[in-house]
Amino acid sequence: TTTATAATTTLPTFRLRENDYVLGERKIGGNAQSIISGGFLHHTSFLWDWDPANMDYLTLPEKRPRYRGDRSHDEFLVKLKDHYG
């Protein structure tokens, strides 16, 4: 008989960092809130997949989390698909 063993893969640590969800040091999602008279809206988004060519349209934002530094989108973001897909 053969015994099958599952391959063990070590994932980077998942945590909340400066309002972002991160794996290791790379962002996988974030939150946004808007508070107006009579209510509020909260939404969370996670980055499953994207076309790298579309990232070329994005500029480095003026206001950004300290842990991001000057990293490009390619260096700062990670696709969930790459770890869980």
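1. R15, R17 and E25 are tied together in a network of salt bridges. Please keep in mind that this is a predicted model. Side chains of opposite charge can pair when their charged atoms come close.

2. The side chains of E25 and R17 are joined by a polar contact of 2.4 Å.

3. How exposed is E25? It counts as partly exposed because its relative accessibility is 38%, and R15 is likewise partly exposed, at 35%. Beyond four places in sequence, E25 also touches Y67, R71 and F76, among others.

4. The whole structure holds 6 salt bridges. One of them pairs D49 with K81, with the closest N and O atoms 3.1 Å apart. This pair spans 32 residues, from the loop between strand 4 (39-46) and helix 1 (52-55) to helix 3 (residues 81-84). D49 is partly exposed at 37%, as is K81 at 35%.

5. Do look at R64 and D70 too: their salt bridge brings N and O to 2.7 Å. R64 is partly exposed, at 29%, whereas D70 counts as exposed, at 60%.

6. H73 counts as buried because its relative accessibility is 14%, and its contacts outside the sequence neighbourhood of four places are M55, L58, T59 and R68.

How values were computed:
Residues are numbered from 1 along each chain as its sequence is written. This is a predicted model: local features need pLDDT of at least 70, side-chain atom pairs count only at pLDDT 80 or more; totals for chains, interfaces and linings use all residues. Side-chain values use heavy atoms; hydrogens and water are left out. Buried means under 20% relative accessible area, exposed over 50%, partly exposed in between (1.4 Å probe, protein chains only). Contact means heavy atoms within 4.5 Å. A polar contact is a pair of N or O atoms within 3.5 Å; within protein, one must be able to donate a hydrogen and the other to accept it, and residues adjacent in sequence count only if both atoms are side-chain atoms. A salt bridge is a side-chain nitrogen of Lys or Arg within 4 Å of a carboxyl oxygen of Asp or Glu. Helices (H or I, at least four residues) and strands (E, at least two) are DSSP runs, numbered from the N terminus.
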